Amino acid sequence: MAKDIDISSSEAKFLIDSLKQGFRFDSRGFEEFRDVGIEFGKDFGDVTVTVGRTKVHCRISCSIAQPYEDRPFEGLFYISTESSPMAGPQFENGNNTGEDEVLCSRIIEKAVRRSGALDVEGLCIVAGSKCWAVRADVHFLNCDGGFIDVSCIAVMCGLLHFRKPDVTVAGEQITVHSLDEREPVPLGVLHIPICVTFSFFNPEDAEENIKGDLNNEICLIDATLKEELLRDGTLTVTLNKNREVVQVSKAGGLPMDALMLMDCCHKAYKITETLTDQITSELKRDADSRNQFAAMLSSENARVS
Amino acid sequence: MLSAQVGVLDQVDGSCKLQCGETSVICSVTGPVEPKARQELPSQLALEIVVRPCRGVPSTREKMLEDQIRGVVTPILARYMYPRQLAQICCQVLESGEPEEQYSGKELSACINAVFLALVDAGIGLLASVSCVCLAITGDNEQIQINPSQANLIKSTSTHVLALQLGAGAKKVENVLLLESYGAFDEESMLQVLHSGEMACMETALELRKVIEHKIREDFIWR
Amino acid sequence: MKEAIEIQPMTFHPEVLARIAPDLSMQRHLSLGLRPSLRALEEFRNVEISDGQLSCGSQNSVNRTGNNILGSNVLKSGKTMVITSITGGVVEENMSVHNPDEEESPELEQAVGAGGVEDHGCVYPVVEVERGRVGAPTDEEMNLSQRIYNSVLHTGLISKKALEVSVGVRSTNSDGQSSVLYPDADPSNALAQNFKPRRKWSYVLYAKIQVFSRDGPLFELCWNSLLYALANTQLPRAFVDERTTDLKIPVSMRGRSAAIRETFDILCDPNEFQPLMLSKDRLAFASNFAVVDIDPEAQLPKDDDDMQVDSPKSVLLADIQGEAEEASVFSTLSAVTDAKGNLKHFKAVGGGSKITMEMIKRSIALAKLRASDLNKKL
């Protein structure tokens, strides 16, 4: 992602050599994802996700709009991933035409929007004339590698956390109820795609990799910025908890062993499972803290289930 | 009311996350760095200021915020110290705390305070300190609300943003860096706003100084 | 061996000096009691205005057909010319933003009138400063547009009520002749009364403000020009055809079907106009000022007799004009006020000289005088 950052050749050599000996700079295992921190804001759909030192803020918002003419039953959903110099001096403001920026936004788009993670039909209010337009704004705050993985978690957390105002439809007229007036409704999230990025390093020279029989590429999960700068190839797989592959992206770079793809998916599934569980438990904790008086205010009888 | 942490980001030279009531912004400063040829000023530090909204894409509203921040920051920076260099200031609004189509005062005041702290964190030379408050006049009895809540802002008849240049340990007002008022008001109420804004700016400045003090204590913990 | 070096004082043409040393030019002029624009310190430029006969609603318009300009103004101040043209469109109001209770009692709403910002309508201004080339809007243009937008919105010059469309109905009788009925034209007419549109429309106004020969700060000129243009804006009446008032189009897609109410055409009457109702009590005019410190070093030498005259440390200049003035002032004041001192917008930027309370008071007093002058031209 970062092209303008130069890494000294001695540091580069040290990093590769330590990888060859099985060590990473942050003493993680090769297949270990960094700790994920999920923090919800005061408003619905405001979430900050930290993975190691990478920090991404995502804000979900919605407004009423007119649906596309050829899709009158569907609402609108946009994801915007614009970088700013805040994440690091290598990013230019408002310039998202860099190869890596485009790749990042394309993968998130594929993983979340095109995979149907959000039920857009549920956003329809009056067919053909009014629908919700949901917008996810991803803000990169601090860059230490893994923007794709972190953004995906942030967008999904945001969508799961977001509540849209309730509406009543009477014929042609619709009334939007403010958040204080009526309990807002959650969005229909159909599955939680999780992206896992693998970075490949070639321990031998380039010739060996193309011609040789050895398939001894070093494969890292969740690379840091320095590792990203030095990697020879990358693969992003997106899975959900139902063991479905949502998206696979390998855009050139170091060729990898075909069988390794399956292996990577297996590794990614384990991560997907733990992350999904973490997301659901964090959401539950947030919901409980917002609703701490629910038990007191509830008129429901205590039942033994 | 106001809380801030500095040094929250590590890819930039200075950063600050600031909450003021319902509004929350994060600001980063990179500099002095080498500018692009078109930004370079032969004798002074050039500034690139970016404001990014909480939701949606940046529009003319953010452009105006950038211009207002530039107007406040330029006179307090020791720009002659860094000829042919650039400082990149980037503000990301995390929580707006006001209806964005109509107001921008709360975001502006939070951004200015955050930029000041981030500049200090980045160690760029300053000539004076600045603090900023947003004020609103509500009701028939012209009550002045300092850093109004969203509900009060919507009810208000006029909104004002006041940024003051402070010196002598934030105890002396040196100049009015920015006063921007919208709505319906008269001369007398504006002078009232200036008066209570001055008090509020002093208080804010003390809060900001506490943040800096805390930062320095943390930074020099090895002493 | 030494040669005597003769130093000749350099002299420049005033315009050249204004470019290479604006501050010196300013200080030298000030010491003469003048400004580089050769006006007195608190003297404003004269403003010439006309409607330019551009709008299709105006009686003496130069071209009435195929013209979509609803209001216009041409303002000249010094060598700067500002042309404002107002165009518009009709959009469907999102009923949802209103409380349903309010909808049922429009009289109540009308009585409130001057409410908060949510009752204020707006125009969408685009400022273009012509520089002889095209390209993306500059920062100055964007800031001006946004500042004018903010000021119009918060001033409440145009209430939302004034922008509502009272929709007429075009009916065609058996002879094939069509006529348009407006709800307010004939209250006894049953048809117009029975047809209560289930939808609401409102006008949106766009203002294109073009500036030629920029010569100093522009917000004030653009604002005043926009104000004059809005004052002569005529909104065309709009109607829908009787036959399309309740048009439904069935659609089905992927096994789902629904009747979709087509957004029917709303047409604008080319002949019938209504003036745009401005909130008269909120009309306010803009003027700008600058604070300049007097640098004793840069003053012209005076005669020995009047050496001891105490000159003020800083002075207030009204209506900034020209390169020397604009480049050497860093503290500016800008006020939008009416003649009575009801301020609508005030901006002070203190990048240089100290803005004192006296300066603020003085600028407001001058702005009030200026507003009463400008109001007469309306």
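Modeller: Two residues are in contact if their C-beta atoms, placed from the backbone, lie within 7 Å. The model is predicted: local features need pLDDT of at least 70, side-chain atom pairs count only at pLDDT 80 or more, and totals for chains, interfaces and linings use all residues. Residues count from 1 along each chain as its sequence is written, while chains are lettered from A and ligands numbered from 1 in the order in which they are written.

Colleague: How many residues of domain 1 of chain C are in contact with domain 2 of chain C?

Modeller: 14 residues of domain 1 are in contact with 13 residues of domain 2. Domain 1 of chain C is 14-43 + 286-375, and domain 2 is 47-283. These bounds come from an automatic or database domain assignment.

Colleague: Which elements of chain C supply at least two residues of that side of domain 1?

Modeller: Strands S12 (285-293), S14 (331-337) and S15 (342-350), and helix H9 (323-328). Helices (H or I, at least four residues) and strands (E, at least two) are DSSP runs, numbered from the N terminus. S12(C) gives the most to this side, three residues.

Colleague: What makes S14(C) mostly covered?

Modeller: Seven of its seven residues are buried. Buried means 20 or more other C-beta atoms within 10 Å of the residue's own, with C-beta atoms placed from the backbone; exposed means 12 or fewer, and partly exposed lies in between. C:Ser331, C:Leu333, C:Ala335 and C:Thr337 point one way, and C:Thr332, C:Ser334 and C:Val336 the other way. All of them meet the buried cut-off.

Colleague: How do you know that S14(C) and S15(C) pair?

Modeller: Strands pair if DSSP finds at least two bridges between them. S14(C) and S15(C) have seven, in the antiparallel sense, so they pair. C:Ser334 stands opposite C:Lys347 in S15(C). Four residues lie between the strands of this hairpin, where C:Gly341 takes a positive phi near 90°. S12(C) also runs antiparallel to S14(C), joined by seven bridges. There, C:Ser287 stands opposite C:Ala335.

Colleague: Which face of strand S1 (residues 2-6) of chain B is covered?

Modeller: The one with B:Leu2, B:Ala4 and B:Val6; B:Ser3 and B:Gln5 form the uncovered face. In a regular strand, side chains alternate between the two faces of the sheet. S1(B) pairs antiparallel with strand S2 (residues 14-20) of chain B over five bridges. B:Cys16 is the bridge partner of B:Val6.

Colleague: What does the contact take from chain A and chain B?

Modeller: 21 residues from chain A and 19 residues from chain B. Strands S3 (54-65) and S6 (130-142) of chain A each give two or more residues to the chain A side. S6(A) gives the most, with five residues.
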